[in-house]
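Here is a short tour of some backbone details and aromatic contacts. Please keep the sequence and the 3D view at hand as you read.

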Amino acid sequence: AHLRTAPGNLRLAHADQLHLDLWWQGRNIALDPGTYLYNAEAPWDNPLTATQFHNTVTVNAQDQMTRASRFMYLDWSRGQVVEKSDRRIVAEHNGYRKLGVTHRRAVSFAENNWRVDDNLLAHSQKDHRVYRLHWLLQDGEWKIESDNEKVKLNLKTGSGIIKMTIRSSFIVHHSSFVSLARAGELLHGDADVPPTRGWYSPTYGIKVPALSLALEVTTAGAVQFTTEFNLQSFDTAQNKP
């Protein structure tokens, strides 16, 4: 796993504080979107630097920093590690300080299970905010279910079966929206999908379809998201009842 934190000077970087990459059996399963192109016509004029395409949380559909041009960001966010051990790391960033929100993420691992806890700490509760948790995943055969308590995605990849479960501190119902997209097309749920959503660029000038899973919650208070990845090789999955 790789958790992105940066203490400053992000002028030409991506707006990707607390982005998480996951690798399993040599395969990148939770993806960084990459770059694709710098100088193409819109919408491909370097869009994938935005927070919304990374594996992190967006507040009010805003980047973690102010985009000043095709390449440049201002109002740099600052990330820091709060706690770490062999099986757990906690970090936070202040990219949404203007909105009165601190994002803190805890990542822990145990026996082929990854757990990601996202805490969005609201310093005031005057205004409602839209919190959007996003995951960009390796493409594969998928099945998704959602109810009032959780979102479940089963994904068959070249490495095996990935079983994802996402919960939030708010009921996943009327105040929440779940969507799954690939290559600019909506596969499940309710969302306006831009043509740039659901792509992965492994190298410059190349893009391939990927699965884009998002959960949105609207509230004036604090929010917690919990994402669990259960990784099962094909041999293990076949032996389970």
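In which loop is Asn112 found? This is a predicted model, and in it Asn112 lies in the loop between β9 (101-110) and β10 (113-122). Its phi is near 65 degrees, a positive value in a residue other than glycine. Ala183, in the loop between β15 (176-182) and β16 (185-189), is not a glycine either, yet has a positive phi of about 50 degrees. Asn112 is partly exposed, with a relative accessible area of 41%, and Ala183 is partly exposed with 24%.

Another backbone feature to look at is the cis peptide bond from Ala42 to Pro43, with omega near 10 degrees. Pro43 is placed in the loop between β3 (27-30) and β4 (57-59).

Now to the rings. A search of the whole structure finds six aromatic pairs, including these two:

| Pair | Centre distance | Plane angle | Geometry |
|---|---|---|---|
| Phe109 and Trp114 | 4.6 Å | 40 degrees | tilted |
| Trp135 and Phe229 | 5.1 Å | 85 degrees | edge-to-face |

In the tilted pair, Phe109 is partly exposed, with a relative accessible area of 28%, whereas Trp114 is buried at 17%. Both Trp135 and Phe229 are buried. Their pair links distant parts of the chain: Trp135 belongs to strand β11 (residues 129-137) and Phe229 to strand β20 (residues 223-232), 94 residues apart.

Finally, ring pairs join Tyr36, Trp44 and Trp199 into a cluster. The charged end of Lys207 sits over the ring of Trp44, 5.1 Å from its centre, and also over the ring of Trp199, 4.7 Å from its centre.

Conventions. Residues numbered from 1 in each chain as written. Predicted model: local features only at pLDDT ≥ 70, side-chain atom pairs only at ≥ 80, totals over all residues. Heavy atoms only, no water. Helix = DSSP H or I, 4+ residues; strand = E, 2+ residues; numbered from the N terminus. Buried < 20%, exposed > 50% of the residue type's maximum accessible area, 1.4 Å probe, protein only. Phe/Tyr/Trp six-rings, centres within 6.5 Å; stacked < 30°, edge-to-face > 60°. Lys NZ or Arg CZ within 6 Å of the ring centre and 35° of its normal.
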